Structures are given as C-alpha cells and as structure tokens.
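Visitor: I am new to this structure and would like a short tour. Could you take me through it step by step?

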Amino acid sequence: MIGFRIVDCGIATSIQDQGRPGYAHLGLGRSGAVDLSAAGVLNRALGNSEAAPVVETAGGLVLECVSRCLIATSNWTSPLLVVEGEVVRVNPEAGRQWAYLAVSGGFSGAPILGSLSADSMADLIAVDVSTGAELQIGRLAVGPPTDLIPSRQAHMEISVLPGPHLDRLGSSALLTLTSTDWVVENNSRVGIRLTGGVLELPEELANGQSEPMIVGAVQVPPSGHPIVLGRDHPVTGGYPVAAVVDDSDISAALGAAVGSTLRFRVR
Amino acid sequence: MIDIAGIEVVPMGTHSLHLRLDDFPTATIAAALRALNLEGVSDVVPAESTMLVRCEHKSARRSVVENLNEILSVGNVAEREVNVEPLEIEMVYDGQDLEIVATACGMSVEEVIHRHLSSEFVAAFCGFAPGFAYLSGLDPLLHLPRRETPRTRVPAGSVSIAAMYSAVYPNPSPGGWHLLGTTDATLWNVESDPPALIEPGRRVRFVRKS
C-alpha cells in the first residue's frame, strides 16, 4: 500500500531501521537510525515493533498522504490519523539533529542484507526517498517492548567508558576529556566532530595501524578535536580511541544538534 | 584488563571487547570465534593486529572470554589455516601506475608483474569500503608508500598495491593506492551470501589473463 508521496525530500533523509549487524568483518558497518531510542519511542506509540523502519531526516521533509494511516513524528509523538491529501512536515525538535516519522505497520521495501537502512558510508539505498518518490507501508507484526527507553535530559551529560588507547594518550587526556564542554561542530550519520578543547595526540600515535571501530568510539585525530563515531562509521580506523560512549547514551550523543554542548563523565 | 594466553583483552564500550593479538593471525581467530555463533555476539571484526568482538550484553561478553582460551590454543588455530584452496583472481596488468611502481622499486615492469603474481596473499582484514580486503603477503620489494595525492575516482575492479598490501577496489571510490591492473571479478554483491568475494583469512592468488 502506498502511504505517502514525497513533496520535498529535505536534508539527509533516509529510511532507517536497526541496521544490519554481522557484516563488519567484510567492511560493511551496521548503520541504523542515528537516534535509535527516538525511533523506538515513536514505533512503540504506534504499537509497532521497535525495529520497524522509519523515515529519518535532518529537516525540511514534506510528504503528502496517499492512503490514510496512523503516524507519529518527532514533532507529535502521540498517534495521529492523517488522511488522503493531507501534508505532513517533519523537522527536528530544538537541540536535536534528527527527526523521525513512524507509521503504523512500518515503512516497507525490499531489504538489502536483511535491513532497509540506507548506509551513507557504503552507498546502500534500499528505499528511494527523493522528491516525487512514493513510500510503501508494510504490515509489521506488533512487537512487545524490549526495554525501558530512557528519557532525554535537557542538559547533555554523556557517560563514557575508557577507550582501549586512553593509557597511551598521556596523563592529562582523561582530565581534558571530562572537564571540557565539547561543542558539536558537525553532525552526520558517519559521526560528530567536537570542538571547544584539544586532546593532545602523541606523535607516535598519529599514524596508527587500522583497528576495528565501534559506534560511540571517541577518536582523536591529529587536530585534537575528537570525533564520536556514528551509526555509519567506517568499520576500521587509524586514530586512537580515548573513550567509548556508554550504550545508554549513544542515541542522545549522536542525536545532539550542531552547536549544542556535551560533557563526558566516566562511568 | 584481562590476559588470555598472553593476549591483552580490554573493554571497548559497554559490553564489547578489544583484543591486542600481536603475533596471532587475527583473521583466523576472528573466523573461529564467529563460527561459534555465540548468543549476543553480533560482529567479530579483525584488523591489522587487533580485533573487536561486539557484544550486545554482559553474558555474551562472559561467554566470549570463556571461549577464547580454547580458540587461542595453537594447534586449533594452525589446523584451521591449512586445507583451504587459494581463491584465484584473473587480472590484466594494464594499470596506470605500473611504470611509476617499476621506477620506484628499481625494476622492470615485467618484474613488478612477476613479483605480484608470485606473491601468496592472505586477506588480513576488510575495511575502507564494503568488500575491500587488505591482502597481506605482498613481495617486500614492492612495498611503497601510498600516492602523495589520492585519485578522486578509482574504477571498480582496480588491482592495486600500497605499503605491505595488495587490494581490489570493489566499487568506484577515491583511492591512494598504486594501480597495477584490472579484474572482471565481482568483489561485492549484496545479493550474494556472503556479499564479499574475499573474507578475512581467505588465501588469494592473482592469475594473469592473456
């Protein structure tokens, strides 16, 4: 069933679910919704499985309803009935980088390697979301909630765990990491770049070997401005990892809007 | 930090593990661990001399640690390495950088080709792009740093070398490696299972197509 026609595709819009685990050793990362907990909240409100595919956008997305359905968006998280011809606009809330549109039954399409997630690093697009495209609605089985979804705090304190290379970054690294108000300078699905302080990179670590990476890893490039790896991160990387964001705070950190600040706290 | 059979195991994130394997064959160990299909272990990712085991919960992490000892026992690892036929990749030596490589290595183009053909490669790990395997085992006389200025677009199927590795570009992408030739082989296809032609640990040989 065609649910929507895209009137304006907006910025960095894609279909996302929980991604495709199990292929990182072949060079393909997991991908998936940047703010998995926001997507989960909307799916849950509609009675969908939390893994149901949603539309993710950095804003400016305009859709026209083709078949009446129940939706939930980042701007209206309670189920809302939209009817044929009705226009829906999707934009992130203040302070957030990404907005979501979920539909009862989930968006559908032909999965690639088990997932509908578009992967910006691997150039995979399972569902066309360009202007003029039509979005299909599926019949996804209702799924029980799997866990509590933590509420979002206005003040962004992010729990991190020491990274595998923290000991080699020098004795002041941990202090700098945890005492700086890091400003989100840039946010993409690949990662977020932070400024506001500098983590010194010892010369012998500047040209490191390729090591496997994980979502939430806080990498230190030669500039000293850390990068928090996002859902579409490269599977391996050569910069040392000072810390890794705790699972419970990954969605909050990766979803932080450009210009917002993060303070890291070692768990 | 935990020490298992001389290997340093440190946490990476909430439940995952980062292993410093040094002299152990990372790809082989990763394949052995992946083959166990441990509940809650979603990805086992080898790199040059380290490895990531992505665990979804605490008990998965515990079972990884419990199983590592057995996997790391030398006999077990060595056993897995034999009896695998190398994958043969047919190629044409028509690369744009053949002359540059020959000059930089102080040998003729034919000798570059000969040394590349007689190198016995093993896929050490994948990265950079889906299906891009870093093939170790390149003849040491062909080890060169990457190009100073990367190309903005390298065609799919380009067979290349850089540092101690050879690789085939699965898809068109920017790239800084030296191009020796081309192959028609499909390195990455999401319709296949597995989607990558070369998995970590796979032995590879290049064959000259006339």
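Guide: The following conversation treats a sheet, aromatic pairs, helices and domains in turn. Please bear in mind that the model is predicted.

Visitor: Let us begin with the sheet in chain B. In what order do its seven strands run?

Guide: The order in chain B is 6-14-7-8-11-10-13. The sheet is open, and its pairing is mixed.

Visitor: Which are the edge strands?

Guide: They are strand 6 (87-91) and strand 13 (178-182) of chain B, each of which pairs on one side only. From one strand to the next, the twist averages 35°.

Visitor: Which helix packs on the sheet, and what does it touch?

Guide: Helix 5 of chain B, residues 109-117, packs there. Among the strands of chain B that helix 5 touches are strand 6, strand 7 (121-126) and strand 14 (203-208). The direction of helix 5 makes about 145° with that of strand 14 of chain B.

Visitor: And strands 10 and 11 of chain B: parallel or antiparallel?

Guide: Strand 10 (residues 158-162) and strand 11 (residues 165-168) of chain B pair in the antiparallel sense, over four bridges. Within this part of chain B, Val159(B) has Val168(B) in strand 11 as its bridge partner.

Visitor: Now the aromatic residues. How many aromatic pairs are there over all chains?

Guide: The count comes to 11 aromatic pairs over all chains. In one of them, the ring centres of Phe132(B) and Tyr169(B) are 5.3 Å apart and the planes stand at 75°, so the pair is edge-to-face.

Visitor: Where do those two residues lie?

Guide: Phe132(B) is in the loop between strand 7 and strand 8 (133-136) of chain B, while Tyr169(B) is in the loop between strand 11 and strand 12 (173-175) of chain B; the pair therefore ties together parts 37 residues apart in sequence. Both Phe132(B) and Tyr169(B) are buried.

Visitor: What about Tyr134(B) and Trp177(B)?

Guide: Their ring centres are 5.7 Å apart with planes at 70°, so Tyr134(B) and Trp177(B) form an edge-to-face pair. Tyr134(B) belongs to strand 8 of chain B and Trp177(B) to the loop between strand 12 and strand 13 of chain B, so this pair ties together parts 43 residues apart in sequence. Tyr134(B) and Trp177(B) are buried as well.

Visitor: Which residues make up the aromatic cluster?

Guide: One cluster is formed by Phe125(B), Phe128(B), Phe132(B), Tyr134(B), Tyr165(B), Tyr169(B) and Trp177(B).

Visitor: Turning to helix 4 of chain B, which residues are buried?

Guide: In helix 4 of chain B, residues 98-105, the buried ones are Leu98(B), Val101(B), Ala102(B) and Cys105(B). They cover an arc of only 100° around the axis, so they lie on the same side of helix 4 of chain B. On the other side, Glu99(B), Thr103(B) and Ala104(B) are exposed.

Visitor: What covers the buried residues of helix 4 of chain B?

Guide: The cover includes helix 5, strand 10 and strand 13 of chain B.

Visitor: Why is helix 1 of chain B described as largely enclosed?

Guide: Seven of the 10 residues of helix 1 of chain B (residues 26-35) are buried, so the rest of the structure largely encloses it. Among these buried residues are Ile29(B) and Leu33(B).

Visitor: Finally, what is the domain assignment of chain A?

Guide: The assignment gives domain 1 (2-137) and domain 2 (155-266) of chain A. The centres of domain 1 and domain 2 of chain A, taken over C-alpha atoms, are 27 Å apart. Their contact takes 22 residues from domain 1 of chain A and 18 residues from domain 2 of chain A.

Technical notes
Residues are numbered from 1 along each chain as its sequence is written. Chains are lettered from A and ligands numbered from 1 in the order in which they are written. This is a predicted model: local features need pLDDT of at least 70, side-chain atom pairs count only at pLDDT 80 or more; totals for chains, interfaces and linings use all residues. Side-chain values use heavy atoms; hydrogens and water are left out. Two strands pair if DSSP finds at least two bridges between them. Axes are lines fitted to C-alpha atoms, for helices over the stretch in contact, and angles run from 0 to 180 degrees between N-to-C directions. Contact means heavy atoms within 4.5 Å. Rings of Phe, Tyr and Trp (its six-membered ring) pair if their centres lie within 6.5 Å; planes under 30 degrees apart count as stacked, over 60 as edge-to-face and the rest as tilted. Buried means under 20% relative accessible area, exposed over 50%, partly exposed in between (1.4 Å probe, protein chains only). The arc is that of the directions from the helix axis to the C-beta atoms. Domain bounds come from an automatic or database domain assignment.
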